[in-house]
Amino acid sequence: MAISLDEVEHVAKLARLELDENELFTFQSELNALLGTFQDIDLANVAGIDPRPHAVELQNAWAQDVASYCLTRGAALRNAPLTKGGLFVVPTIIED
Amino acid sequence: MITDLAASELSKRLRARDFSAREVTQAYLDRIRSFDEQLGCFLTVCEEKALEDADRAQNLLNSGEAKPLTGIPIALKDNLSTEGVRTTCASKILDNYVPPFDATVVERLKSAGLVILGKTNLDEFAMGTSTENSAFQLTKNPWDLSRSPGGSSGGSAAAVAARFSPLALGSDTGGSIRQPASLCGVTGFKPTYGRCSRYGLVAFGSSLDQIGPIANSVEDVTLLSEVITGHDSRDSTCLPTPPISAGAVRAGSFKGARFALPKELFSGNLEPGVLQVVHQSIEHLQKEGAIFSEVSLPSIELGVSTYYIIAPAEASSNLARFDGVRYGPRLEGDGHVGAVAKTRGKLFGHEVKARIMIGTYALSAGYYDAYYLKAQQVRGLMIQEFERVFTEYDAVLSPTSPCVAFPLGELSQDPLALKLLDYCTIPANMGGFPSISLNCGFSGGLPVGLQLVGPVMGDEKLLGMAYAIEQALPEARSKSPTLEA
């Protein structure tokens, strides 16, 4: 099933990627080529096989509920493009 | 010359006072300064810090508190967080990022007295097989400067091959340590998933990523593995197991060991020259007492498709954190969402955006079952097939890469061809299996890698067999690349 340009635009929106028109066409062609090659897994007989989200069986890792080292506020903010009063500044999300 | 010596030999000579830790570090820094302009291995060289580290290491050597690798230089792939040292992931979105903390592996290197020379080039966010996806520079293969070093840990593998550093760390999500090690003629090891903490490794595919060593011999790779592995409570997927033991490895042997040769990894698009060199090695090892049998692991043929659904799906989630709020530059856009989309759209490179798009699509409503869930089931099938083989065999043996180093630019316009370069290496990531690539000879003057894959937690046994194989194939280590000023 081929992906339409509208679908590419929708996926880009979900992925929070602003793409120009040329990129939309390029990704449409690349995604269709790749998804075409992925069809081989459709034919795989996986009846009765549990999906494996992880390679190695994992157990829940518990930690003691005690305070331990963490970054200082200054260190956490040092790489931010914009800060004010010890906080990250983000563009307005909720209008007045 | 100092830079020709293996880390194990440097360690002995430092203890014998043949030279100082500062002299060792300076020798490597001088070589980087003379030749890296041609090769492009390093994104950052920490000259001043490295010499300070070397002096500290010398104090430990003088006071008898040194550990096996104290005073030995190392290069780090630039997706490992280093406190106070720029960490870019070869991406414009992290161009000026200076981490406020060290990755666990970096902490362990420092406490073992190793000297960090700098940060090496990679495909942006480790997504690629040629290091051509770096936003900053190309890295060239020291064996032939017109060719790729492989990827994504191409900077680390090329730096070790060029003797810019005796040791390096890389990360391996679908073969990113082993494939460049193969193309550069060095040794690269991916430990069992969970033996090495991923804390501070910038995440790509969290269920597949594993940090591992690159060096010029199995012995050096083992010594470095001993330092970086072991439990870490800051990574909940890190196994509660002790570090890899170098002593157990030196006692290793391949005589009487049973190796499975999957027919799926000896057919298809493999270069005839690669097959010939690997077959010659097999014949040689057989004469020396190794036992080989052909097996079939049919799911290997589904590996590339499965990997290119699972890894991008995980990446699309992991890379959501790059939103221009906490780190990296921020571009102005229409409101919060517009600013995030513009920042990501302009600052991520093409391959990274392509993988985020694939992953987002595969996880989106209506396609999840057809792609992501199905891929996870195929992963389950692959794990079952390999585990069955491991009940009868000690390891799976194959070429590491379908080809030798290829000309730069040759495959960069063909994303699918580049993805097929992971064909032999992907299964080990799918199953979390330990896997090593070591040089076994040359085809047309370019190195050919031999890959071993063992069962989960079989790291020491696998390294031991690789150690013995390396001793049995001395011609594979008889050459090194020549660099001219």
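User: Before we start, what conventions apply here?
Analyst: Happy to set them out: residues are numbered from 1 along each chain as its sequence is written, while chains are lettered from A and ligands numbered from 1 in the order in which they are written. This is a predicted model, where local features need pLDDT of at least 70, side-chain atom pairs count only at pLDDT 80 or more, and totals for chains, interfaces and linings use all residues.

User: What radius of gyration does chain B have, and why does it agree with a compact globule?
Analyst: The radius is taken over C-alpha atoms, and the globule rule is 2.2 Å times the number of residues to the power 0.38. With 485 residues, that rule gives a value near 23 Å, so chain B agrees with a compact globule at 21 Å.

User: What share of chain B counts as buried?
Analyst: A residue is buried if 20 or more other C-beta atoms, placed from the backbone, lie within 10 Å of its own; it is exposed at 12 or fewer and partly exposed in between. Of the 485 residues of chain B, the buried share is 63%.

User: How many residues of α12(B) are buried, and which helices do they pack against?
Analyst: Helices here are DSSP runs of H or I with at least four residues, strands are E runs of at least two, and both are numbered from the N terminus. In α12(B), 12 of the 14 residues are buried, among them Ile356(B), Met357(B) and Tyr361(B). They pack against α10 (303–318) and α13 (369–390) of chain B, plus two helices of chain A, α1 (5–14) and α2 (21–37).

User: How many residues of chain A are in contact with chain B, and which helix gives the most to that side?
Analyst: Contact means that the C-beta atoms of two residues, placed from the backbone, lie within 7 Å. By that test, 43 residues of chain A touch 56 residues of chain B. Giving the most to that side of chain A, with six residues, is α2(A).

User: In which sense do β7(B) and β8(B) pair, and what hand has the crossover between them?
Analyst: Strands pair if DSSP finds at least two bridges between them; β7 (258–262) and β8 (291–295) of chain B have five, in the parallel sense. The chain crosses from β7(B) through α9 (residues 272–287) of chain B to β8(B). With the strands pointing away from the viewer, a clockwise path from the first strand over the helix to the second counts as right-handed. This β-α-β crossover is right-handed.
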